[in-house]
Amino acid sequence: MICTGTGIAPFIGFLEEMENSANKENYLIFGSKNRECDFIYEETLKEYVHKGLIKHFRCIFSRDNTFISNKDKLIDEKKELNMKYVQN
């Protein structure tokens, strides 16, 4: 799942539905402008990661100072995993 900003809301619904299913291979990439202002579902997403519902979780924020290096690192570091999920 890849989403930005408030586009995360439908994915929260998907995750709630999948909570009781056998599917635990969820990979979420979330991006927005500012972590402080825009990461409104942070606690919910952390809970899903802790429960094992989200197996891989990455987030980037475009207005934070580390956006460019984080974006490039995100793509490079998980290239094989990213391709697996995109192709499937």
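Author: A crossing is left-handed if the near helix is turned anticlockwise from the far one by less than a right angle, and right-handed if clockwise. The crossing of α1 and α3 is left-handed. This is a predicted model, where local features need pLDDT of at least 70 and side-chain atom pairs count only at 80 or more, while totals for chains, interfaces and linings use all residues. Residues are numbered from 1 along each chain as its sequence is written, and side-chain values use heavy atoms, leaving out hydrogens and water.

Start with the two helices (DSSP runs of H or I, at least four residues; strands are runs of E, at least two; both numbered from the N terminus). The axes of α1 and α3 come within 12 Å and cross at roughly 35°. (Axes are lines fitted to C-alpha atoms, for helices over the stretch in contact; angles run from 0 to 180 degrees between N-to-C directions.) At this meeting, I8, I12, L15 and E16 of α1 touch T44, L45 and Y48 of α3. Contact means heavy atoms within 4.5 Å.

Now the core itself. The largest nonpolar core has 15 residues, and I8, L15, L28, F30, L45, I54 and F57 touch the most other members. (Such a core joins buried Ala, Val, Leu, Ile, Met, Phe, Trp, Tyr and Cys through side-chain atoms within 4.5 Å; buried is under 20% relative accessible area, exposed over 50%, partly exposed in between, with a 1.4 Å probe and protein chains only.) α1 (8–18), β2 (26–32), α3 and β3 each supply at least two residues. α1 gives the most, with five.

Next, the sheet. Three strands form an open sheet in the order β1-β2-β3, with parallel pairing; two strands pair if DSSP finds at least two bridges between them. β1 (2–4) and β3 are the edge strands. β1 and β2 pair over three bridges. C3 stands opposite F30 in β2. α3 lies across β2 and β3, running at about 150° to β3.

Last, the rings. Five aromatic pairs turn up in the whole structure. (Ring centres of Phe, Tyr or Trp, its six-membered ring, lie within 6.5 Å; planes under 30 degrees apart are stacked, over 60 edge-to-face, the rest tilted.) F39 and F57 are stacked, with 6.4 Å between centres and 20° between planes. F39 sits in the loop between α2 (35–38) and α3 (42–51) and F57 in β3 (54–61), so their pair ties together parts 18 residues apart in sequence. Both are buried. Ring pairs link F30, F39, F57 and F61 into a cluster.
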